[in-house]
Amino acid sequence: MSSETTNSTTGSLLQLVTFKVAEEEYGVDILSVQEIIRHTGITKVPSAPAFVEGILNLRGRVIPIIDIRKRFGLAAREPDPQTRIVVFALESGVIGCLVDSVSEVLRLPSSMVDPPPAVVAGVDSKYILGVGRLDDRLLILLDFGQVLTGEELDALHGQGTHIRQSENHAHDMVPAHH
């Protein structure tokens, strides 16, 4: 019997992208991750929620970027060469998440995942799908779709649209050079 057959009969394998925020390691379903990019070119947005770092032009598409540290109530940190933006494709749209570093892509048997405790490292448990047990470490599995409320997601995507409209109108107002 092959290992794939064994896995399908004893439980499924989760494919996760893992990243670090502060001292904790988190994992998200690889299918929710569109891409991972270096920290670059974030434009600040006036009167955005505190956890919104700004917006980013990703190949002609304006996406909101949130700072997961601020969202989780942790101290902000200056970006360094390890800082990454994990771009998520959610039902409500595309959103970028600033993380301290991306660790790896790994496969974790679902049998190695425990239900979430009430509170883990100060992160509200509604975001947490479970806790993965690896050899010498724990991995907090996030449901990134729950990290922001529906209203917050709507507001973020509305701001991106508003900013694009403002940029377009700004071009209309630039006087022509003769």
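Student: Is Arg77 buried, partly exposed or exposed?

Tutor: This is a predicted model, and in it Arg77 counts as partly exposed because its relative accessibility is 35%, between the limits of 20% and 50%.

Student: Which residue forms a salt bridge with Arg77?

Tutor: The general idea is that side chains of opposite charge can pair when their charged atoms come close. Here the partner of Arg77 is Asp100, with 3.7 Å between the closest N and O atoms. Asp100 has a relative accessible area of 8% and is buried.

Student: Which residues are linked with Arg77 and Asp100 in a network of salt bridges?

Tutor: Arg69 and Asp80 belong to that network together with Arg77 and Asp100.

Student: How many salt bridges does the structure hold?

Tutor: The structure holds nine. One of them joins Arg137 and Glu25, whose closest N and O atoms are 2.6 Å apart. Arg137 sits in the loop between strand S12 (128–133) and S13, and Glu25 in strand S2, so this pair ties together parts that are 112 residues apart in sequence.

Student: How far is Glu24 from Arg137, in sequence and in space?

Tutor: Glu24 and Arg137 are 113 residues apart in sequence, and their C-alpha atoms are 9.7 Å apart. Glu24 is found in strand S2 and is partly exposed, with a relative accessible area of 31%.

Student: Which residue forms a salt bridge with Lys44?

Tutor: Lys44 pairs with Glu53, and the closest N and O atoms are 3.0 Å apart. Lys44 counts as exposed at 57% relative accessibility, whereas Glu53 counts as buried at 12%.

Student: Now the sheet. In what order do its five strands lie?

Tutor: The general point is that strands of a sheet pair through backbone hydrogen bonds, either parallel or antiparallel. In this case five strands form an open sheet in the order S3-S6-S7-S5-S4, with mixed pairing. Strand S3 (33–38) and strand S4 (52–58) are the edge strands, each pairing on one side only. On average, neighbouring strands of this sheet are turned by 30 degrees against each other, direction ignored.

Student: In which sense do S3 and S6 pair?

Tutor: S3 and strand S6 (residues 84–90) pair in the antiparallel sense over five bridges. Within this pairing, Val87 of S6 is the bridge partner of Glu35, and Ile85 of S6 is the bridge partner of Ile37.

Student: How many bridges join S6 and S7?

Tutor: S6 and strand S7 (residues 93–99) are joined by seven bridges, in the antiparallel sense. Val86 stands opposite Cys97 in S7. The two strands S6 and S7 form a hairpin with two residues between them.

Student: How many residues of S6 are buried?

Tutor: Six of the seven residues of S6 are buried, and the strand is mostly covered.

Student: Which element supplies the largest share of the lining of the largest pocket?

Tutor: S2 does, with three residues. By class, the lining of this pocket divides into eight nonpolar, three polar and two charged residues.

Student: Which residues line the largest cavity?

Tutor: Asp67, Arg69, Arg77, Glu78, Pro79, Thr83, Leu98, Val99 and Asp100 line the largest cavity, which holds about 60 Å³ of space. Its lining has three nonpolar, one polar and five charged residues.

How values were computed:
Residues numbered from 1 in each chain as written. Predicted model: local features only at pLDDT ≥ 70, side-chain atom pairs only at ≥ 80, totals over all residues. Heavy atoms only, no water. Helix = DSSP H or I, 4+ residues; strand = E, 2+ residues; numbered from the N terminus. Nonpolar A, V, L, I, M, F, W, Y, C, P; charged D, E, K, R; others polar. 1 Å grid on protein atoms, 1.4 Å probe; cavity = no way out; pocket = protein on both sides within 12 Å on 5 of 7 lines; lining within 4 Å. Points joined across faces, edges and corners; volume = space filled by probe spheres on them. Pairing = 2+ DSSP bridges. Axes fitted to C-alpha atoms, helices over the stretch in contact; angles between N-to-C directions. Buried < 20%, exposed > 50% of the residue type's maximum accessible area, 1.4 Å probe, protein only. Salt bridge = Lys/Arg side-chain N within 4 Å of Asp/Glu carboxyl O.
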